[in-house]
Amino acid sequence: MLVGCSNDSADADGKAAAGSHFLQDTGGSARGDFGPPQGEPIQAILTDAPMVPPPVNRDYPAKVIVDLEVVEKEMEISEGVRYTFWTFGGSVPGKFMRIRQGDTVEFHLKNHPDSKMPHNIDLHAVTGPGGGATSSFTAPGHESVFSFKALNQGLYVYHCATAPVGMHVANGMYGLILVEPPEGLPPVDREFYVMQGDFYTVGKYREKGHQVFDMQKAIEENATYVVFNGAEGALVGDNALKAKVGETVRLFVGNGGPNLVSSFHVIGEIFDKVFFEGGTHYQENVQTTLVPAGGSAMTEFRLEAPGTLILVDHSIFRAFNKGALGMLKVEGDEQLAIYSGKEVDNVYLADKAVEEGAPVIAGVAAAQQAGSATREDQIAAGAVLFNGTCSVCHQNNGKGLPGVFPPLADSDFLTAKSQEKVISAVINGISGPITVNGEDYNSVMPPMSNLNDDEIANILTYVYNSWDNKGDVVSPAKVAEVRAGTKRPAGAAH
């Protein structure tokens with residue numbers, strides 16, 4: 001007879017009896033009710049990503065009051081790109097909540113008076129219809145209150161579940177709630193909150209200005225952006241996570257979706273433990289872990305060497321072409337016995353390698369929108385973009401690699417060709433034999449049609465004004481003209 005299927009574990013209707021072997025062994029809700037709340041009510045501490053509230057450090061169940069307000073808010077999703085997010089608490093992802101198994105949560109959901117839509121909340125930590133959604137439908141300017149007992153320990157997603165549900169989630173309405181075990185989690189030196197989401201805009205990736213939600217792209221699961229913590233660049237440069245050699249780190253990783261499964265990976269680290277799907281069991285020595293849409297994972301690891309570790313969705317085009325890239329900067333003395341290599345280079349950091357790059361690009365994008373960008377503005381932005389896009393092959397000094405990649409420095413290719421031909425080479429790529437400065441090359445430059453018009457214009461303006469080249473200025477309008485004249489087969493990049 002199979003374990004858990006004996007007659008003394010179920011009644012005649014096949015229902016598991018209270019206190020049965022089956023229920024006790026699950027470690028779940030049958031053991032999660034520790035009686036009524038004790039002591040005075042506690043106001044929950046809520047934090048914005050990547051910060052995490054402190055551990056509960058409590059040995060009894062309490063009544064915990066959560067106050068959360070829905071705010072519809074325009075913010076940047078990428079440099080120079082605005083989007084109207086729907087948020088739990090004014091940020092994407094929503095506030096991190098931390099409670100203890102057995103706590104009773106009194107949840108207050110407010111919807112800001114300026115909101116244009118009704119909203120609610122479905123917490124995956126709730127045992128009850130709709131996860132709270134049926135009790136929390138809240139019109140603008142109103143408040144809903146409901147209670148639930150946290151019976152199951154684990155890391156859970158919450159999200160809006162008002163119709164159309166996909167649109168509410170796609171606009172950023174999700175977050176994480178941690179239900180600690182009664183004894184708490186083992187102590188670590190650092191804890192961070194990282195949550196992935198996929199976004200769908202009418203404009204293409206990095207197209208400047210205000211972008212609106214594209215329902216058809218969302219239905220087709222064709223994401224424009226895949227990002228950590230609500231925006232491309234939310235975890236890079238000055239916003240990077242920070243820790244020290246020798247410290248232990250716990251990442252609370254969530255995936256709001258609404259569509260895509262995350263292949264979460266930290267380049268340069270191996271997870272000592274992964275509590276997969278946010279549950280109570282863990283796997284050890286994991287390189288990459290799947291985090292489903294509407295799911296989570298807890299990863300733990302010790303930092304052995306200094307440098308910049310890169311957080312990615314290892315569905316890798318999402319990292320380098322849709323925004324799913326972050327940084328964990330580790331300070332400390334070199335550990336040459338463990339790793340003797342150099343700091344991670346432009347191959348991984350891309351145009352996020354230079355910390356001052358983001359404000360430079362943002363400032364130039366704003367100037368271009370206003371029609372006031374100068375040659376010097378374009379050169380400054382182009383330098384940052386070149387270092388993250390072109391320098392791997394053509395090198396930071398523009399000299400290329402002999403016999404492999406042609407030089408851009410003092411290049412007769414740039415002198416002999418018209419702007420249109422040079423722009424076309426970037427958009428469409430070059431394949432086959434080519435002669436530059438009297439040297440023959442036979443390699444492939446892939447099409448860079450994923451770059452926007454202003455990005456190509458700025459990169460080429462930088463190239464034209466560097467390394468003894470002739471000093472031209474390339475306008476975004478000229479790039480748009482060449483792009484529009486390029487015929488492509490259906491489905492090709494454009």
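Guide: Two strands pair if DSSP finds at least two bridges between them. Strands (E, at least two residues) are DSSP runs, numbered from the N terminus. This is a predicted model, in which local features need pLDDT of at least 70, side-chain atom pairs count only at pLDDT 80 or more, and totals for chains, interfaces and linings use all residues. Residues are numbered from 1 along each chain as its sequence is written, and side-chain values use heavy atoms, with hydrogens and water left out.

Visitor: Which residue in S9 stands opposite Tyr158?

Guide: Strand S8 (residues 154-159) pairs with strand S9 (residues 174-180) through 6 bridges, in the antiparallel sense. Both belong to an open sheet of 4 strands with mixed pairing, ordered S4-S9-S8-S6. The residue in S9 opposite Tyr158 is Gly175.

Visitor: Which strands stand at the edges of the open sheet of 6 strands?

Guide: The order of that sheet is S12-S10-S14-S19-S16-S17, and its pairing is mixed. Each edge strand has a single partner strand, so one side of each is left without a neighbour in the sheet. The edge strands are S12 (225-228) and S17 (283-286).

Visitor: Which residue stands opposite Val227 in S12?

Guide: Strand S10 (residues 190-199) runs antiparallel to S12, and 4 bridges join them. The residue opposite Val227 is Gly197.

Visitor: Is Gly268 buried or exposed?

Guide: Gly268 lies in the loop between strand S15 (262-267) and strand S16 (271-275). Buried means under 20% relative accessible area, exposed over 50%, and partly exposed in between (1.4 Å probe, protein chains only). With a relative accessible area of 61%, Gly268 is exposed.
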